[in-house]
Amino acid sequence: MAIVKMKKMVLAAPQNERESILNVLQSEGYVHLIDVKEEISDSEYLDCFKEPKSVIDTELDYNYIKFTYEFLKQYSVKKKGLLEKRPVVDKQEFDRLEDDMNWKDIYNQCKEIDETTNTIKSKKVKLTTLIEQYSQWKNLDVCDNDLEMLKNVTCFIGGVSKKQEMLLYEEINNSFGDVYIEKVSDEKQDLNLFILCHKDIKDQLEDVLKNYGYTKANLDLRLPPAEYIKELSEELESLDNDLKELSQKASGIAQNIEYVQKVYDYISNKLEKENAVFKLGKTRKTFILKGWIAAENADGIESMLTKDFDGIYIKFEEPSEEDMPPIILKNNALVEPFEVITSMYALPLPTEVDPTPVLTPFYMIFFGMMAADIGYGIVLLLATAFALKFMELEGDARKIIKLLLYVSFPTIFFGWVFGGFFGNALPVKPLWVNPLDEPMTVLYSSIALGLVHLFTGLGVKAYWFIKNGKAMDAVYDVLTWYLLLTGAIWMLLGGGNAAKIMAVAGAAGLLLTQGRANASLSGKIFGGIYGLYGVTGYIGDLLSYSRLLALGLATGLIGSSFNMLIQLLGGGIFVIVLGPIIFIAGHTFNLLIGLLGTYVHACRLQYLEFFGKFYEGGGKAFNPLKITTKFIKVNTEK
């Protein structure tokens, strides 16, 4: 139950040493900075740092390098493989990137290519739209020069509703003499027409056309539409060639992407360091830094800073009752991966105990009972061992894979206990029982295991009370429940008067103590009744452990159904060809879905049933100023 002991660090130093000291702290990654703004507001001697121009410049540089990386990533032929590890750069080389400005030339080239590409794409959209528009008129073999030669004739070029076609023709023929009508094309509900008439009847014909929903086409007839479409297509092809040339140029620049990635990591860390300045206080000549540091690292960081910097003041303080230091969990190699289960719910408060060591064995048992298959356990073991050996995993990702490695062993063990190997692919004699044959036996065992789980949670609660000098609270809130629950279960199992006395004593204790925080007598009475009513919650909690049976049965039955499907294929070529495909695909699906369900339900039993008995949570994670990289690893060892 290890929560690392923290100390508050107070540091004062000359302002001209600020950047160098922050650089050291970032390299070591030991100090979680405290924002001192609230303290500054109450002091007439301290002030906070305003946003310097350097931060604005670094933010711009970060946006530029981020754009450069995102742009080149589209054109880079080198893709990072799943097993490829990040290159290692020493701290001195990393810091030298400060003076390397070559990336700005790359940025300018990328920006120019991007702007040109966007301009060309915009032109292509316009050209494509024009080609679609003029395609409706490609059969119109006239241009402005042809129309200008007509002295006494005028034309109409436009569209009407297709439904009105015959009525329009009929009215024009009945109302006018010589009128030339050419149907150029019809598109869905529209009819595109080219009409010639004498100028004397232009207005009358226009009125008739309007009655039929005539819409004038807005066409540029410098060339006949077919020739204009050809011209536009040639221009579109030229733009496509320009895009190809730009893409080739970008691909050439993308060969520098590894260099850009290094600069990206450097500038992002530089920005984080410069933003840390806003958490500091200052006087006229000094700056003040406050932060949290693990007690075990305090002496080392003090020695390092006092050795490298003159005129520096460092003090370490124990946390006060009002302080809320950040949380670092520290456990042995077996328990450490299960810290992700705790942190997914909530980190413990500084005054609480770390529940991870207690939940670890239960989580492994619950996971094993619900997955319970030798074959699936072996696959999980091999897959996670391979990932840990050959993949570069860090932080919580590595912990989760390690957790899955550890739970593969109880999965194999309970597969042997219940006799499961890829469902029933191979006959395995159960070490204990087959859940399909004796489900009630497994159900009773699951509930019994759940009772042990709940009692352990109560035990942790009692430990916390006693540790904090509240021994009587352990009697009132834990011992009474032990008496009531143990007595009630003993009575159900045929216990005699001793069981009844135990249960009644526990119930009486709850009635008398659960309302003790209330001031009035009625509040104490109703508080006691409400506390005793909590026994119904324990009944629901115990029934929740039936999921250990349910998920175990589901995993086995789904796996067996795929095996049965293969058997139904009979013999011959079908089973030879389709059998392996069904087996691999089916059991892979069952394994993945089963693991997801098992992971979630095993967590649920911890979060609701177990944590509900003693755990509050709400601690904040330790988040030190440190070098955080995405593409490279920085070796800070000297």
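How do the residues of the lining of the largest pocket divide into nonpolar, polar and charged?

Modeller: This is a predicted model, in which local features need pLDDT of at least 70 and side-chain atom pairs count only at pLDDT 80 or more, while totals for chains, interfaces and linings use all residues. Residues are numbered from 1 along each chain as its sequence is written, and side-chain values use heavy atoms, with hydrogens and water left out.

The lining of the largest pocket comprises 14 nonpolar, nine polar and 10 charged residues (Ala, Val, Leu, Ile, Met, Phe, Trp, Tyr, Cys and Pro count as nonpolar, Asp, Glu, Lys and Arg as charged, and the others, Gly among them, as polar). A pocket is here an open set of points on a 1 Å grid over the protein atoms alone, where a 1.4 Å probe fits, with protein on both sides within 12 Å along at least five of seven lines; lining residues have an atom within 4 Å of a point.

In total 33 residues line the largest pocket, and Glu394, Gly395, Lys399, Pro624 and Lys626 lie nearest its centre. Two or more lining residues come from each of α1 (18-28), α11 (295-308), α12 (339-345), α15 (395-418) and β12 (633-635); helices (H or I, at least four residues) and strands (E, at least two) are DSSP runs, numbered from the N terminus. The space in this pocket is about 1100 Å³, a volume being that filled by probe spheres set on the points, which are joined across faces, edges and corners.

The largest pocket lies between domain 1 (3-100 + 248-317) and domain 3 (329-424 + 440-613), because both give residues to its lining; the domain bounds come from an automatic or database domain assignment. The second largest pocket, with about 530 Å³ of space, also lies between domain 1 and domain 3, since both give residues to its lining. Its lining has 13 nonpolar, three polar and six charged residues.
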